[in-house]
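Trainee: I've got the model open on my screen. Can we walk through it together?

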There are 2 protein chains.
Amino acid sequence: MMDNQLDLIFAALADPTRREILAMLLEDDMAVTDVAAPFAMSLAAISKHLGILAQAGLIARERRGRVIWCKLEPDSLRAAFVWMQGFGQITLMDLEAFELFLDSADPQD
Amino acid sequence: MMDNQLDLIFAALADPTRREILAMLLEDDMAVTDVAAPFAMSLAAISKHLGILAQAGLIARERRGRVIWCKLEPDSLRAAFVWMQGFGQITLMDLEAFELFLDSADPQD
DNA sequence: TTGTTATTCAACCAAATGGTTGACGATCCC
DNA sequence: GGGATCGTCAACCATTTGGTTGAATAACAA
C-alpha cells in the first residue's frame, strides 16, 4: 500500500471500530482494557486496532505501571484534513453534511 | 466492513492511486482511458479503482457515446470532512500540516 | 458487415485485513 | 515467591483487496 502517512491515516479511519475508539478517546484518555470493554471482540483484536491507530499517528500509548494509557494525537489528522481541503468546493460546517455525519457515524450513545 | 458511507469514503481515500485520480479529476473531467494513461497498470485495474471511487460517491461516471466521463463529486467528501472536524483540536490551514501534505501526497506536477 | 476503440466483466492470484485462541511477559499485591 | 491482572505476541483462518489476463459488450467508422 506504499505506506505513506496519508495511506495509513485514511486506512485507519476506514474501520468503524477504530473510528469509535477515536470518538471514545476524544472524551478522555483510557486504558486498553477500558477501550475494549464496549466491543464484542477480543482484547487482542482491540490491541491490534490500537496498534493500527498508533502507527497512523492518530493515538499515542504510554505505559504507567501495568496499565497502558491511550490518548488521542489529533495533530496527525491534520495532514488528511488538509488533503481534503484541496477539494475547494467543500464549504466548512455545511449543515447538511453534518446531519449526514450524525446519521451515518452515530456512536453508541 | 459494515459498509456505511464513511467506511467507503475513507477506504477509497486510503489508496494513493485513487487519491491521485481524484487530484487529476480536480483539474478537469476525464475519460476512463485518459485517467488510466499515466499509471503503470492495466485499464481494468483503473476501472476497478473508478468503481470504488464511484461507490463511495466521490466521483460520478457518465457515458457519452463510446466514452465514459468521470467527474469529481466533492459533496460526498463532506461527511468525512465533518467527521474529522469533530476532533476540535484541529486548526484549519495549519501550515505545518500543509507542508506535510505537500511532502507526502505530492501529485505528479 | 467488418473492424476499431472504449470500457467492463469474469476468473484467477498473492498479499493484506480483521478476527480468533492460547501462550507469554510485566507489573502489582499478598 | 505465588497469584491475579494488563496487555501483547504468534499462529492460524476466512474474507477482502489490488492486481493480472482474456473474453465480452457498446458505440462508432468504413
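**Strands, helices and DNA**

Mentor: Start in strand 3 of chain A, where C70(A) is the bridge partner of M30(A). Bear in mind that this is a predicted model, in which local features need pLDDT of at least 70, side-chain atom pairs count only at pLDDT 80 or more, and totals for chains, interfaces and linings use all residues. Residues are numbered from 1 along each chain as its sequence is written, while chains are lettered from A and ligands numbered from 1 in the order in which they are written.

Trainee: What is the pattern of chain A along the sequence?

Mentor: Helices (H or I, at least four residues) and strands (E, at least two) are DSSP runs, numbered from the N terminus. On that basis chain A has 6 helices and 3 strands. Read along the sequence, they give α-α-β-α-α-β-β-α-α.

Trainee: How many bridges pair strand 2 of chain A with strand 3 of chain A?

Mentor: Two strands pair if DSSP finds at least two bridges between them. Strand 1 (residues 30-31) of chain A pairs with strand 3 of chain A in the antiparallel sense over 2 bridges. Strand 2 (residues 59-64) of chain A also pairs with strand 3 of chain A in the antiparallel sense, and A60(A) has K71(A) as its bridge partner there. For strand 2 and strand 3 of chain A, the count of bridges is 6.

Trainee: Which residue in the turn of that hairpin has a positive phi?

Mentor: Strand 2 and strand 3 of chain A form the hairpin, with 2 residues between them. The positive phi is about 70°, and the residue is G65(A).

Trainee: Over in chain B, which strands stand at the edges of the sheet?

Mentor: The sheet there is open and antiparallel, with 3 strands in the order 1-3-2. Each edge strand has a single partner strand, so one side of each is left without a neighbour in the sheet; they are strand 1 (30-31) and strand 2 (59-64) of chain B.

Trainee: And what angle does helix 2 of chain B make with strand 3 of chain B?

Mentor: Helix 2 (residues 16-27) of chain B packs on the sheet and touches strand 1, strand 2 and strand 3 of chain B (contact: C-beta atoms, placed from the backbone, within 7 Å). Axes are lines fitted to C-alpha atoms, for helices over the stretch in contact, and angles run from 0 to 180 degrees between N-to-C directions. With strand 3 of chain B, the angle is about 95°.

Trainee: How do helix 2 and helix 4 of chain B cross, and which residues make the contact?

Mentor: Their axes come within 10 Å and cross at roughly 75°. That makes the two helices of chain B roughly perpendicular (65 to 115 degrees). The contact is made by T17(B), R18(B) and I21(B) of helix 2 and H49(B), I52(B) and L53(B) of helix 4 of chain B.

Trainee: Which helix gives the most to the surface near DNA strand D?

Mentor: DNA strand D is surrounded by 24 residues, and the closest are T33(A), S47(A), S42(B), A45(B) and G65(B). The helix that gives the most, with 5 residues, is helix 4 of chain B.

Definitions and conventions
Two residues are in contact if their C-beta atoms, placed from the backbone, lie within 7 Å. A residue is near a molecule or strand if its C-beta atom, placed from the backbone, lies within 6 Å of it. Angles under 35 degrees count as roughly parallel, over 145 as roughly antiparallel, 65 to 115 as roughly perpendicular and the rest as oblique.
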